[in-house]
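This briefing concerns one protein chain. The sequence and the coordinates follow, and the notes after them are grouped by topic.

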Amino acid sequence: MTSQHAPLAGVKVVELGSMYAAPTAGRMLRDFGADVIKVEDPTSGDFARQWQPAHEGLAIGFSRLNSGKRSVGIDMRHEEGRAVAKELIKGADVVIENFRPGRMEAWGMGYDQLSADHPRLVMTRVSGFGQTGPYSERPGFGTVAETASGYAFLNGWPDTPPTAPPFGFADSIAGISAAFGTSMALFRRELSGHGSEVDVALYEPLMFILGDAVLNYTASGTIMKRHGNASGAASPRGIYEAADGGWLSIAASNQSIALRLFEAMGRPDLKDDARFATNTARMANNDAMQQIVIDWVRSYPRDEALVVLDKHEVVAAAVNDAKDVTEDPHFAERTLVELANTVFGQALMPGPILHVKDYDGPVYDGVPGIGQHTREVLVDELGLRPETVADLAERGVVSGS
């Protein structure tokens, strides 16, 4: 589809973000048509370029989040660099930043300062603990958000320590939330004519997801504990090992699914067993309920068990690894996209997080080098004189591209 069909076509974003959360927000906007200009340190770039895993020197995580963006090298620590960034922002609809709260204000680039000359600007700010509150000045990364929010306390098994995820969980959720907030602010701007400030704390979207635990405590005094693969809310639910060593999940999260599961297992008698007839009863007898499901799954190879469950419309799925995902025809048709023209060769990754009618989505063609688009953006589009950019590059204020 042509670019004008993209929902955010015509929106220009200046991303003053590094690592994961803010660049995730930038990718979300870019995925739906925004032109995202990524401002990086002209020498070292976004630190995520140095993260592992990497292949042939190119970081996997950086590549996934930044393909399709344009990189401009500007040293934001330098007064002249900030002056260039301010000029760039004047022509933008959105600026995304993830500096520690107060840093942008100290640079003369807080929302009130920037919006004074650019009232339609939307400024999306991502930080560890938000722009306000007693912890606002604390630094924060995803691991801190995952522990402070309560997630790590609930993740794992009763007899194991609290567990953080081995990927950017909090950062990704915060980045998606930041894109959502940015889109809302852009919509409101169309009605009011004025931009606004979006304030995202890394921990808050994750704490929202865990909100039942907080409400449960304040309502009943109960501190929810780790349940392993069980939910603590419905039974039976979990991850089970099949006869061939494969794993699958079953989620009988409402009564009708539980009854269909009983039929699938050849145990219709469980419907009338007082221990298992209702979710409340099953939760009270969860160990016995789970053992019945464990034994049944163990009697079949995984694929055969899934066929039986699917026939009875039980919510179930294989536990996939990355190889399983890339070989699955459903994901190949709907979800996975090619990251082309990199040292990765024929590489696939997940595409946009949702689908919009009449928009086929973006192309992921290469990963920008540090400052690859500096001249294109600063000279050709912003209108700075080539000799001015050359002088700034000579002094390390911008990249030399």
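Is D93 buried or exposed? D93 has a relative accessible area of 17%, and because buried means under 20%, this residue counts as buried. The model discussed here is predicted. Its chain has 401 residues, of which 44% count as buried.

**Overall architecture**

- The chain contains 18 helices and 14 strands.
- Taken along the principal axes, the C-alpha atoms of the chain fill a box of roughly 85 × 50 × 40 Å.
- Among contacts between residues at least 6 apart in sequence, 69% join residues at least 24 apart.

**The surroundings of D93**

- D93 belongs to the loop that runs between helix 3 (79-90) and strand 6 (94-97).
- A polar atom of the D93 side chain lies 2.8 Å from the backbone nitrogen of K12.
- The side chain of D93 is also joined to that of R189 by a polar contact of 3.0 Å.
- Once neighbours within four places in sequence are set aside, the contacts of D93 are G10, V11, K12, R120, L121, V122, L186 and R189.

**Nonpolar cores**

- The largest nonpolar core has 34 residues, and those touching the most other members are L8, V11, V13, L29, A34, V94 and I96.
- Two or more residues of this core come from each of helix 1 (21-31), strand 6, strand 7 (122-127), helix 8 (169-192), strand 8 (197-201) and helix 9 (203-209).
- Helix 8 makes the greatest contribution to this core, with 7 residues.
- L29, not counting residues up to four places away in sequence, touches L8, V13, A34, I96, A179, T182 and S183.
- A second, separate core holds 27 residues, among them V72, A92, M123 and V398.

**The largest pocket**

- At least two lining residues each are supplied by helix 2 (60-66), strand 7, helix 6 (142-148), helix 8, helix 15 (322-327), strand 12 (336-340) and strand 13 (347-350).
- Helix 2 provides the largest share of this lining, 5 residues.
- By class, the lining of the largest pocket consists of 27 nonpolar, 12 polar and 5 charged residues.

**The second largest pocket**

- About 630 Å³ of space lies in the second largest pocket.
- Of its 24 lining residues, G228, A230, S231, G232 and R237 are the closest to the centre.
- Helix 7 (151-154), helix 10 (211-220), strand 9 (237-241) and strand 10 (247-251) are the elements that give two or more residues to this lining.
- The class composition of the lining of the second largest pocket is 11 nonpolar, 10 polar and 3 charged residues.

**The position of L114**

- L114 is located in helix 5 (residues 111-117).
- With a relative accessible area of 10%, L114 is buried.
- Apart from neighbours within four places in sequence, L114 is in contact with K86, I89, M109, L121 and M123.
- From C-alpha to C-alpha, L114 and V293 are 60 Å apart in space, and they are 179 residues apart in sequence.

Conventions:
Residues are numbered from 1 along each chain as its sequence is written. This is a predicted model: local features need pLDDT of at least 70, side-chain atom pairs count only at pLDDT 80 or more; totals for chains, interfaces and linings use all residues. Side-chain values use heavy atoms; hydrogens and water are left out. Helices (H or I, at least four residues) and strands (E, at least two) are DSSP runs, numbered from the N terminus. Buried means under 20% relative accessible area, exposed over 50%, partly exposed in between (1.4 Å probe, protein chains only). A polar contact is a pair of N or O atoms within 3.5 Å; within protein, one must be able to donate a hydrogen and the other to accept it, and residues adjacent in sequence count only if both atoms are side-chain atoms. Contact means heavy atoms within 4.5 Å. A nonpolar core is a set of buried Ala, Val, Leu, Ile, Met, Phe, Trp, Tyr and Cys residues joined through side-chain atoms within 4.5 Å. Ala, Val, Leu, Ile, Met, Phe, Trp, Tyr, Cys and Pro count as nonpolar, Asp, Glu, Lys and Arg as charged, and the others, Gly among them, as polar. On a 1 Å grid over the protein atoms alone, a cavity is a set of points where a 1.4 Å probe fits but cannot get out, and a pocket is an open set with protein on both sides within 12 Å along at least five of seven lines; lining residues have an atom within 4 Å of a point. Grid points are joined across faces, edges and corners, and a volume is the space filled by probe spheres set on the points.
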